[in-house]
Structures are given as C-alpha cells and as structure tokens.
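Please examine the sequence and the structure shown below.

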Amino acid sequence: MESYKQVIALQNLRFYSFHGFYPEEQILGNEFFVDVYCYVNKVLGGGDELKETVNYETLYAIVREEMNMSRKLLETVVDAIVRRVKERYSFLEYIKVSIRKMNPPFGADTAEALVSLEWVKN
C-alpha cells in the first residue's frame with residue numbers, strides 16, 4: 001500500500017517581539033520570522049473536512065501567542081510552539097519550527113540568527 005506525507009506549513013510569519021538574553025533586547029525588541037512545518041500521513045482521495053488537517057488559523061494563533069510572551073532564549077520559544085502544536089494535532093508525524101532573529105545584537109556582520117527544533121513521532 002502506498003503512503004503519502006502531506007506538508008501543511010506557514011512560512012515567514014513576521015513578528016516584532018521581545019525575546020533576548022540581554023535586558024535591552026527585552027525592552028527594545030526585534031524583528032523575527034517564524035516557519036512552521038507539519039507533516040501528516042495522507043490517504044489520497046480522503047475527506048474534505050478541516051478536522052482532518054491542520055487549520056492555518058489555529059496554527060498561526062499558537063505561534064502568535066508564544067511570540068507575544070517575552071523569553072530569554074529562542075530555544076524556549078520553539079520548544080513551546082512544538083509542544084502546543086503536537087498537543088493540538090495529535091495525528092501529526094513530524095513538526096519543525098524555525099525562528100530567525102533579524103540583526104542579532106552581538107557585533108557581528110550577520111543578517112540573522114536561527115534556532116530550529118524538529119519533532120518526529122516514534
């Protein structure tokens with residue numbers, strides 16, 4: 001029997017948030033971009049109901065809520081997003097969340113810093 005993996009994703013979600021280890025980052029804030037990828041086993045010719053897939057609006061709401069909570073580490077933010085998506089959509093097989101921080105304040109000539117977390121169902 002054939003199997004298919006379907007990807008449901010939101011890419012380049014832009015937020016102005018207050019994540020950062022240094023106090024000034026939590027005061028001044030920064031621009032962040034978030035990508036969320038959700039993989040599900042798919043049967044071709046399956047149903048046409050929203051309950052059988054990932055709702056983009058719900059996925060966005062989870063990301064927005066987590067990005068609105070100030071944290072020191074982006075690792076904490078990606079962990080929280082993955083955990084909430086996994087809890088909401090128990091049928092998922094794989095989740096990947098990446099957060100890019102634009103112009104991180106550590107004196108290097110770099111455009112962004114990236115933290116990513118992947119979860120795979122056993």
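The expected span of a helix is 1.5 Å times one less than its number of residues. In this predicted model, helix α3 covers residues 74–88, a run of 15 residues. From its first C-alpha to its last, α3 reaches 21 Å, close to the 21 Å expected at 1.5 Å a residue.

Two packed helices are described by the angle between their axes and the distance between the axes. For α2 and α3, the angle is about 150 degrees and the axes lie 10 Å apart. Because angles over 145 degrees count as roughly antiparallel, α2 is roughly antiparallel to α3. The crossing of the two helices is right-handed. On the α2 side, the contact is made by Thr58, Leu59, Ile62, Val63, Glu65, Glu66 and Met67; α3 contributes Val77, Ala80, Ile81, Arg84, Val85 and Arg88. Of the residues in this contact, eight are nonpolar, one is polar and four are charged.

Strand β2 also holds Tyr39. Tyr39 counts as partly exposed because its relative accessibility is 27%. Leaving aside residues up to four places away in sequence, Tyr39 touches Lys5, Gln6, Val7, Leu92, Glu93 and Tyr94. One of these, Leu92, is 53 residues from Tyr39 in sequence, yet their C-alpha atoms are 5.9 Å apart in space.

Technical notes: Residues numbered from 1 in each chain as written. Predicted model: local features only at pLDDT ≥ 70, side-chain atom pairs only at ≥ 80, totals over all residues. Heavy atoms only, no water. Helix = DSSP H or I, 4+ residues; strand = E, 2+ residues; numbered from the N terminus. Axes fitted to C-alpha atoms, helices over the stretch in contact; angles between N-to-C directions. Parallel < 35°, antiparallel > 145°, perpendicular 65-115°, else oblique. Left-handed = near helix turned anticlockwise from the far one by under 90°. Contact = heavy atoms within 4.5 Å. Nonpolar A, V, L, I, M, F, W, Y, C, P; charged D, E, K, R; others polar. Buried < 20%, exposed > 50% of the residue type's maximum accessible area, 1.4 Å probe, protein only.
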